[in-house]
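Please read it alongside the sequence and the coordinates.

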Amino acid sequence: MIFCSAALFYVKYPYKHQESPPGKMIFRLHIVRHAEGTHNPGHDTTILDPPLTERGIKQSLELSQDFKFNDSVGLVLASPLRRTLQTAYIGFQQTLDQRFYPNVPQAGVQNGANLVLEPDVQAHSSRPCDTGSDISLLQSEYQDVPWDILDLNPIFPRKEGLYASDLETLKQRGWRIQRRLHELFKELANTARPDIVVVTHGGFMQHITGDDKLGVGPAKARSFMVSFDQDSRLIIEHSLSE
């Protein structure tokens, strides 16, 4: 699969983390659903770790042009499945640091965001379409990605243990990523790029946000102001987008 580049398009949107009420830190979180995968048009769940369709690549390029917070994002957390990796890599090429695009002209920005492949935000089910590929296969297919600076849990892609598909494990995974997001937001809070993007799957978004009615279209972003309680559970303060 060849990653496509879009013309650079920047929208400045200065932002510093807020505190309201006193002592309560408020952060900006962007939840992104992957673009169209090859399993989506025919609802074929038997395709193992499907990549993006040509339409999905186009959707990701449109995301790259439409996303308004490029200059404010310090971290992109992406599910390590093909379709989410591609969506993040194409859709956030004006956000991610240029070191993630060593062989892609005009992609990446100086002092840009970090990219982390996060198995905790992978798809919710154990169907083939929601099961990832072995890391060696991903490395061979996506040679432009600098795998030496990406740290991927060796348990992935097995759908067992931490990544099993039963409801209780999914809830635990959601709580785990909320705690991690809290720590990551605190690390980024006093930097020039305090926002976090999570590129994930429609079936898992509710476990990140706690909103079981959350709907996000292919390669679309929903932006929220969020806080965390004393147990690092995520609280949506308000939505910045419909």
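Two residues are in contact when they have heavy atoms within 4.5 Å. By that criterion, residues 24 or more positions apart account for 72% of the contacts in the protein with a separation of 6 or more. The model is predicted, so local features need pLDDT of at least 70 and side-chain atom pairs count only at pLDDT 80 or more, while totals for chains, interfaces and linings use all residues. Residues are numbered from 1 along each chain as its sequence is written, and side-chain values use heavy atoms, with hydrogens and water left out.

**Overall fold and surface**

- The protein has five helices and seven strands, where helices (H or I, at least four residues) and strands (E, at least two) are DSSP runs numbered from the N terminus.
- Along the sequence, these elements follow the pattern β-β-α-β-α-β-α-α-β-α-β-β.
- Of the 242 residues, 54% count as buried; buried means under 20% relative accessible area, exposed over 50%, and partly exposed in between (1.4 Å probe, protein chains only).
- The protein exposes about 10,900 Å², of which carbon and sulfur atoms supply 50%; areas come from the Shrake-Rupley method with a 1.4 Å probe, and for residues only the protein chains shown count as cover.

**Nonpolar cores**

- A nonpolar core is a set of buried Ala, Val, Leu, Ile, Met, Phe, Trp, Tyr and Cys residues joined through side-chain atoms within 4.5 Å.
- The largest such core holds 36 residues, and Val-76, Phe-92, Leu-96, Trp-147, Val-197 and Val-199 touch the most other members.
- At least two residues of this core come from each of α1 (54-66), β3 (73-78), α2 (82-91), β4 (114-117) and β5 (195-200).
- The element that gives the most to this core is α2, with four residues.
- A second, separate core has 25 residues, including Leu-29, Leu-75, Leu-77 and Ala-189.
- Leaving aside neighbours within four places in sequence, the contacts of Val-199 include Val-32, Val-76, Leu-77, Thr-84, Ala-88, Phe-92 and Val-121.
- In soluble globular proteins, nonpolar side chains tend to be buried together.

- β3 and β4 pair in the parallel sense over four bridges; two strands pair if DSSP finds at least two bridges between them.
- In this pairing, Ala-78 stands opposite Leu-117 of β4.
- β3, α2 and β4 make a right-handed β-α-β unit: with the strands pointing away from the viewer, the path from the first strand over the helix to the second runs clockwise.
- Helix α2 is mostly covered, with 10 of its 10 residues buried; among them are Arg-82, Arg-83, Gln-86 and Tyr-89.
- The buried residues of α2 pack against β2 (25-33), α1, β3, β4, α3 (135-141) and β5.

**Backbone exceptions**

- Most residues other than glycine have a negative phi, and most peptide bonds are trans.
- The peptide bond from Phe-156 to Pro-157 is cis, with omega near 10 degrees, and Pro-157 is placed in the loop between α3 and α4 (167-188).
- Asp-49, in the loop between β2 and α1, has a positive phi near 45 degrees. At 0% relative accessibility, Asp-49 counts as buried.
- Ala-219, in the loop between α5 (205-209) and β6 (221-228), has a positive phi of about 55 degrees although it is not a glycine. Ala-219 is also buried, with a relative accessible area of 4%.
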